[in-house]
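Entries follow in the order I looked things up.

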Amino acid sequence: MRAILGSYDSELTPADYSPQMTRRMREAEDMVQKVHAHSAGLEAQLAQALEELGGQKQRADTLELELKMLKVQAGSAEQGFPFSKEEMDSLRMKIEELEGERRRLEEEKKLLEAQLERFTLQGDYDRSKTKVVHLSANPASLARRHLGEEQARLQEECERLRGLVQALERGGALPPELGAAGLPSSKEVAELKRQVESAELKNQRLKEVFQTKIQEFRKVCYTLTGYQVDITTENQYRLSSMYAEHKADCLIFKAAGPSGAKMQLLETEFSRTLPELVELHLQQQDSIPAFLSALTLDLFSRQTLA
């Protein structure tokens, strides 16, 4: 199969890679736009955090000033005026509430300062204090300009080829802007058709080889592991054991992690009959191979005893 793929790739011309280059440039352009959008979002969050920090700080200063005034008033009142015990207790409770509010505001202030520091470490900055200098030869700008030039060239080439195809389909004279030099000879046209037919034949053979290998791989997995694996929907796989007592007995796993690194067992009628194996091998040991092996031994022993 590698030899077939290598021979197929060796017959490709450099022009065949132009769609891939265009696609990669578009992906790079999309990534640059996403980065700009993410930066704008972070700037908005930073401005909001700075505004909230200023408001909280102003409120904390005001409460602290009121607390000092109340303490002064309470001290002078205790010296000059004979307050009752209830009034003194009420003033003390008010002072304690204000002190609790001040401590809470100080904690919020520390959290906002930590959040501001984290935003700063992530690359955010204060536009009122920081000036951004852009390079005259910015790589992103150069890439966009080259992409625009390449797209214009490809568009012009497509228009020229479209006119050539239309002229050939009509069987009339070529447009003057194409010129007689752009018309391929009948021998070249036949050679191109032969190459296209050869490429289609190779693709068909590759599909047949892949299909055969896939079926062979499925049979080998079924023979070695005792489980037939079928894809039900996207990221979901059904496992049927060769020792199952009923045809409908199956397990369904769902890929939860990136690239199928983490699998989760979905509940089915058959899985509800295996609480002990699920609790031991999946919940405690966190091992799907051990669970499948134990299930195979259990089903095999049932058939042997039967």
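Entry 1, the order of elements. From the N terminus on, I read α-α-α-α-α-β-β-β-β-α-α along the protein chain. That makes seven helices and four strands. I note that this is a predicted model.

I looked up burial for the 306 residues of the protein chain, and 17% count as buried. The accessible surface comes to about 23500 Å². Carbon and sulfur atoms hold 56% of that surface. For contacts between residues at least 6 apart in sequence, I found that 44% join residues at least 24 apart.

What follows helix 5? I found G226 there, with a positive phi near 85°.

The 18 residues of helix 7 should span 26 Å at 1.5 Å a residue, and the end C-alpha atoms are 26 Å apart, so the two values agree. At the N-terminal end, S287 is the cap of helix 7. One of its side-chain oxygens lies 3.3 Å from the backbone nitrogen of A290.

Which residues of helix 7 are buried? I listed F291, L292, A294, L295, T296 and L299. Then I looked up their packing partners. These buried residues pack against helix 5 and helix 6 (275–284). They also pack against strand 1 (227–231), strand 2 (236–241), strand 3 (251–255) and strand 4 (263–266).

I located S240 in strand 2. Is S240 buried or exposed? Its relative accessibility is 18%, and buried means under 20%, so S240 counts as buried. Leaving out residues up to four places away in sequence, I found that S240 touches Y222, G226, Y227, Q228, D249 and C250. G226 is the residue that follows helix 5.

I looked for nonpolar surface and found a patch of about 260 Å². M1, F210 and I214 make this patch. M1 lies in the segment before helix 1 (2–10). I checked how open M1 is: at 43% relative accessibility, M1 counts as partly exposed, because that class runs between 20% and 50%.

Technical notes
Residues are numbered from 1 along each chain as its sequence is written. This is a predicted model: local features need pLDDT of at least 70, side-chain atom pairs count only at pLDDT 80 or more; totals for chains, interfaces and linings use all residues. Side-chain values use heavy atoms; hydrogens and water are left out. Patches are made of residues with over 30% relative accessible area and no salt bridge: like charges are joined within 9 Å, nonpolar side chains (Val, Leu, Ile, Met, Phe, Trp, Tyr) within 5 Å. Accessible areas come from the Shrake-Rupley method with a 1.4 Å probe; for residues, only the protein chains shown count as cover. A salt bridge is a side-chain nitrogen of Lys or Arg within 4 Å of a carboxyl oxygen of Asp or Glu. Helices (H or I, at least four residues) and strands (E, at least two) are DSSP runs, numbered from the N terminus. Buried means under 20% relative accessible area, exposed over 50%, partly exposed in between (1.4 Å probe, protein chains only). The expected span of a helix is 1.5 Å times one less than its number of residues. Contact means heavy atoms within 4.5 Å. A polar contact is a pair of N or O atoms within 3.5 Å; within protein, one must be able to donate a hydrogen and the other to accept it, and residues adjacent in sequence count only if both atoms are side-chain atoms.
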